[in-house]
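Dear colleague,

Please find below the structure that I am handing over to you, followed by an account of what was found in it.

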Amino acid sequence: MEMISKPLLSASLLLLITCLLSRLLSASRRNNADVEHYRRIPSPPAFPVVGHLHLLKKPLHRSLAALAKRYASDAGILLLRFGSKPVLLVTSAAVAGECFTIHDVALADRPGLASRRLLTEDFPSISTANYGALWRQLRRLATVHALCAHRLAATTPARDAGARAMAARLRRRAGAAGSPVAVKAAAYEFVVAVIMAMVAGEGMTEEQVRRLKEMTEAGFAAAGAANRQDFLPAALRVMDFGRTAKRLAGIATARHQFGQSLQQEGSPEPIDDVVIRTVCLSLLQAGTDTSSSTIEWAMALLLKNPDVLKKATSEIHTIVGTSHLIKESDLTALPYLRCIITETLRLKPLTPNHVPHEASRDCMIAGYTVARGTMVLVDVYSMQRDPNMWEDPEKFMPERFMDVNVEGDGRFMMPFGMGRRKCPGEGLALRTVGMALGVMIQCFEWECAGEEVNLSEGSGLTMPMAVPLVALCKPRAETESLLKTLW
């Protein structure tokens with residue numbers, strides 16, 4: 001073969017270099033023309049393999065809020081990596097609104113985390129099911145048969161009866177002189193009784209209530225984005241550090257057995273038993289822990305703010321009186337009680353980062369490209385404490401909601417989510433929490449039992465109190481006669 005001449009080789013190299021420079025210049029021009037579409041989302045420095053997992057501390061919502069404050073600047077979003085999983089943390093109310101309006105369908109999926117698969121081995125719940133036919137069926141059944149306005153109105157007597165039973169139990173536990181009471185446990189019994197009456201037409205034994213509470217709290221503690229093992233490489237997950245996988249499998253087995261033990265009312269539709277069991281468990285697990293935690297947080301905040309408790313007591317005694325127990329129909333006439341619930345949900349949202357979403361396709365959010373498969377978390381906790389939106393944001397001040405349209409004022413509240421994956425149980429939750437607090441305030445005096453109330457927040461999908469609230473409960477003298485009729 002003839003040797004290639006030096007002039008020809010030089011000309012070829014020059015042509016090649018010219019082509020490469022031309023391509024680079026063309027790409028540069030495209031980047032400059034579409035700079036908004038190719039901007040990099042703000043992100044902290046990451047480590048190989050673990051990504052940003054080393055930056056996450058408990059409780060997770062506070063750790064994420066601190067990262068957002070440091071790195072997100074004014075972008076409204078922050079890109080993290082949990083292992084190899086890209087995670088978009090939404091830190092702006094405006095961006096959250098964009099996510100769940102314009103991109104609502106694109107972000108309607110749930111991440112396929114290992115913990116989710118282990119916890120729902122037989123069937124996913126309403127909150128964990130991916131967006132599609134199964135999720136639509138589960139949500140429709142829950143809404144039509146339990147959570148729509150008509151069904152809520154029809155089941156009002158069950159909640160009134162549950163409130164009477166709760167008042168009687170508190171009276172027995174407190175005695176005439178008063179006694180310390182575990183507030184969440186008392187609230188949990190009430191919420192379970194109410195939901196069971198709605199979905200099964202009968203109550204639970206004390207053993208069933210205990211099992212459900214343990215199973216639900218353990219599941220929420222390991223669900224969502226709080227379980228780091230979900231984001232480790234598969235080879236490391238096999239080692240099962242801390243026996244997490246074994247624990248989750250045990251919870252899944254308990255969940256299955258508990259669902260099997262439930263006796264559901266017959267459905268007018270030809271529905272598989274597994275589907276009915278899943279809807280019942282979804283309502284029980286999602287509704288009991290979140291509602292009872294909200295009741296506990298509200299009582300803790302009231303004990304820390306006795307002037308608010310006094311004002312709420314005055315409202316109930318003036319409007320409802322002390323001769324008969326508060327009913328659900330009375331709640332609409334108690335605006336200050338309603339403001340207490342709203343302010344509690346502002347400071348202590350049900351899920352501070354919401355149930356994680358996942359992008360099912362590439363989309364543009366706030367001018368940035370968000371890739372398919374990215375997990376999306378919403379920093380509701382920080383948004384609802386934004387000093388640019390709220391006066392004295394850390395202060396418990398129910399008066400801020402009196403005669404105020406929050407959305408009309410441009411302030412941000414999203415404790416139940418937004419868009420098509422918004423919690424369908426909002427109406428039930430507000431009624432249940434309102435009845436529980438109404439009875440506790442109307443019929444009993446509450447004081448700190450020993451040390452000052454500890455408002456530290458725990459970790460998990462929901463935000464429990466790190467130190468469960470135990471308060472001194474004493475029947476009010478003016479409602480003693482009423483309470484005796486409830487025995």
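Arg421 touches Ala108, Arg110, Ile126, Ser127, Thr128, Ala129, Asn130, Tyr131, Trp135, Arg139 and His357, leaving out residues up to four places away in sequence; contact here means heavy atoms within 4.5 Å. This is a predicted model, in which local features need pLDDT of at least 70 and side-chain atom pairs count only at pLDDT 80 or more, while totals for chains, interfaces and linings use all residues. Residues are numbered from 1 along each chain as its sequence is written, and side-chain values use heavy atoms, with hydrogens and water left out.

Arg421 is found in the loop between H15 and H16. With 8% relative accessibility, Arg421 counts as buried (buried means under 20% relative accessible area, exposed over 50%, and partly exposed in between, with a 1.4 Å probe and protein chains only). The C-alpha atoms of Arg421 and Val355 are 9.2 Å apart, although 66 residues separate the two along the chain.

For the protein as a whole, there are 17 helices and nine strands; these are DSSP runs numbered from the N terminus, with helices (H or I) of at least four residues and strands (E) of at least two. Of the 487 residues, 51% are buried. Among contacts between residues at least 6 apart in sequence, 75% join residues at least 24 apart.

A search of the whole structure finds 20 salt bridges, a salt bridge being a side-chain nitrogen of Lys or Arg within 4 Å of a carboxyl oxygen of Asp or Glu. In one of them, Lys184 pairs with Asp289, with the closest N and O atoms 3.2 Å apart. This pair links distant parts of the chain, since Lys184 lies in helix H8 and Asp289 in helix H12, 105 residues apart. Lys184 is buried at 9% relative accessibility, and Asp289 is buried at 2%. Glu189 forms a salt bridge with Arg173, the closest N and O atoms being 2.7 Å apart. Glu189 is in helix H8 and Arg173 in helix H7 (residues 156–174), so this pair ties together parts 16 residues apart in sequence. A network of salt bridges links Arg62, Lys348, Arg385, Glu394 and Glu457.

The packing of H8 against H12 may also interest you. The axes of helix H8 (residues 183–199) and H12 come within 8 Å and cross at roughly 145 degrees; axes are lines fitted to C-alpha atoms over the stretch in contact, with angles from 0 to 180 degrees between N-to-C directions. By class, this contact has 13 nonpolar, five polar and three charged residues (Ala, Val, Leu, Ile, Met, Phe, Trp, Tyr, Cys and Pro count as nonpolar, Asp, Glu, Lys and Arg as charged, and the others, Gly among them, as polar).

Glu296 lies in helix H12 (residues 273–304). Glu296 is buried yet has no salt bridge, and the nearest side chain of opposite charge, Lys184, is 4.9 Å away; Lys and Arg count as positive and Asp and Glu as negative, whereas His and the chain ends are not counted.

Finally, some points of backbone geometry. A cis peptide bond, with omega about -5 degrees, joins Lys58 and Pro59. His354, a residue other than glycine, has a positive phi near 60 degrees, and at 7% relative accessibility His354 counts as buried.

Yours sincerely
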